[in-house]
Amino acid sequence: MNPAIVLSDQPVIDFFNLEIEEAERTVGELIGKKFHGSSFASYVYKHYQAKTDEMFSIPADAREKIKDLVDISPLPILKKQISVDGTVKFLLQVQTPKGPEQIECVYLPDPERVTLCVSSQVGCKMACKFCLTAQLGFKHSLTAGDIVRQIWTVEQEPELRRITNIVFMGMGEPFDNFDEVKKATRILTHPKGFNKSARKITVSTVGIVEKINALTKEDPFKLAISLNGTTNEIRSKIMPINNRWKIEELMSACREYSKRTNKRVTFEYILMKDVSDSVEDAHRLGKLTADISCKINLIPYNESPFTEFKRPSDEQIAKFHSTMLQYDNAVFTRKNRGNDIFAACGMLKKVDAAAKPAS
Ligand code: SF4
């Protein structure tokens, strides 16, 4: 009997979409030995071994079965762009029920850490005015497996360093895909999974308050809020989500979250010329965050030909930063990374550096 004929009727297992115990059990049952299911998971998650043929502690016939029926393939890399500052942007293909789609993720090396910025959706519904991803509209929410596979794909690149930090700040609103994002963070941090530190995973949201209220201290990630405006008038103009949950409600949810979980919140604040960069804005931001355990990241806007927003002058950025120092919480001005390849914050839209706006 040709085993391939029998095996072809069995569905292929999407390994990275399974929680660790389920992954071990499913593979163990497939090859008839639970122990080898655990060995397989360990080869993948501990040793980053993608070649089934080289998993020598698993018997050859079981390896063959795994090769045919367990999918640990990386996502197809459609394009890889390298910035002058070492940032690497990947255009990856994911399968959806309606066919293949494209997402981006960004590798950001620093001397002391390596961060991967991952996507949680194809496109986005949130329509933030300053963001290029918003211009794509929404197409699809990724599975936990698609999210974990972004890390796996980049980890397979031989010239790149091991990823230490993961930020959910790529395409999509993570809390609009809450269950899959939480599942992905459990797989990433599980001691038998990639065993990444929960303190080094950050999930960033525009402020979906009902999901912030549902977070517990067991959720293995830190919370970041994309704030970007200090009054409801300004914020509603640039972030439609503010029409649903006003700043006061958002800040109150953050305050409660921080008390409940004993974790510090990160506030991301994009400095846009004549929109959010005044000294008055700085004072309002300082006051809004004063009684929340948090840190504040100031992000000078990454200009592109695709939006009308501008980066403030260096002098204005410095003035904003120094005003913020009058308040208690830690404040940092983030370095722009990967602008030349459209890999910087808010620039993920599947465009090349040489691309021109449509009109
Ligand atoms: S900033 Fe984030 S949430 Fe807003 S449109 Fe862009 S990807 Fe979506």
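These questions and answers go through a predicted model, from its overall build to single residues.

Biologist: What numbering and confidence limits apply?

Modeller: Residues are numbered from 1 along each chain as its sequence is written. The model is predicted: local features need pLDDT of at least 70, side-chain atom pairs count only at pLDDT 80 or more, and totals for chains, interfaces and linings use all residues.

Biologist: How many helices and strands does the protein have, and what is its radius of gyration?

Modeller: Helices (H or I, at least four residues) and strands (E, at least two) are DSSP runs, numbered from the N terminus. The secondary structure comes to eleven helices and 14 strands. The radius of gyration is taken over C-alpha atoms, and the globule rule is 2.2 Å times the number of residues to the power 0.38. For 359 residues that rule gives 21 Å, so the protein is as compact as a globular protein of that length, with a radius of gyration of 22 Å.

Biologist: What percentage of the residues is buried?

Modeller: A residue is buried if 20 or more other C-beta atoms lie within 10 Å of its own, exposed if 12 or fewer, and partly exposed in between, with C-beta atoms placed from the backbone. Of the 359 residues, the buried ones make up 43%.

Biologist: Which residues come nearest to the ligand?

Modeller: A residue is near a molecule or strand if its C-beta atom, placed from the backbone, lies within 6 Å of it. There are 13 residues around the ligand, and those that come nearest are C124, M126, C128, C131 and A134.

Biologist: How many bridges join β4 to β5, and which residue is the partner of V94?

Modeller: Two strands pair if DSSP finds at least two bridges between them. Strands β4 (residues 88-96) and β5 (residues 99-109) run antiparallel and are joined by nine bridges. They form a hairpin with two residues between them. In β5, the bridge partner of V94 is E101.

Biologist: Where is K273 found, and which residues is K273 in contact with beyond its neighbours within four places in sequence?

Modeller: K273 is in the loop between β12 (265-271) and α10 (279-288). K273 has 17 C-beta neighbours inside 10 Å and therefore counts as partly exposed. Leaving aside neighbours within four places in sequence, K273 is in contact with K310, R311 and P312.

Technical notes
Contact = placed C-beta atoms within 7 Å.
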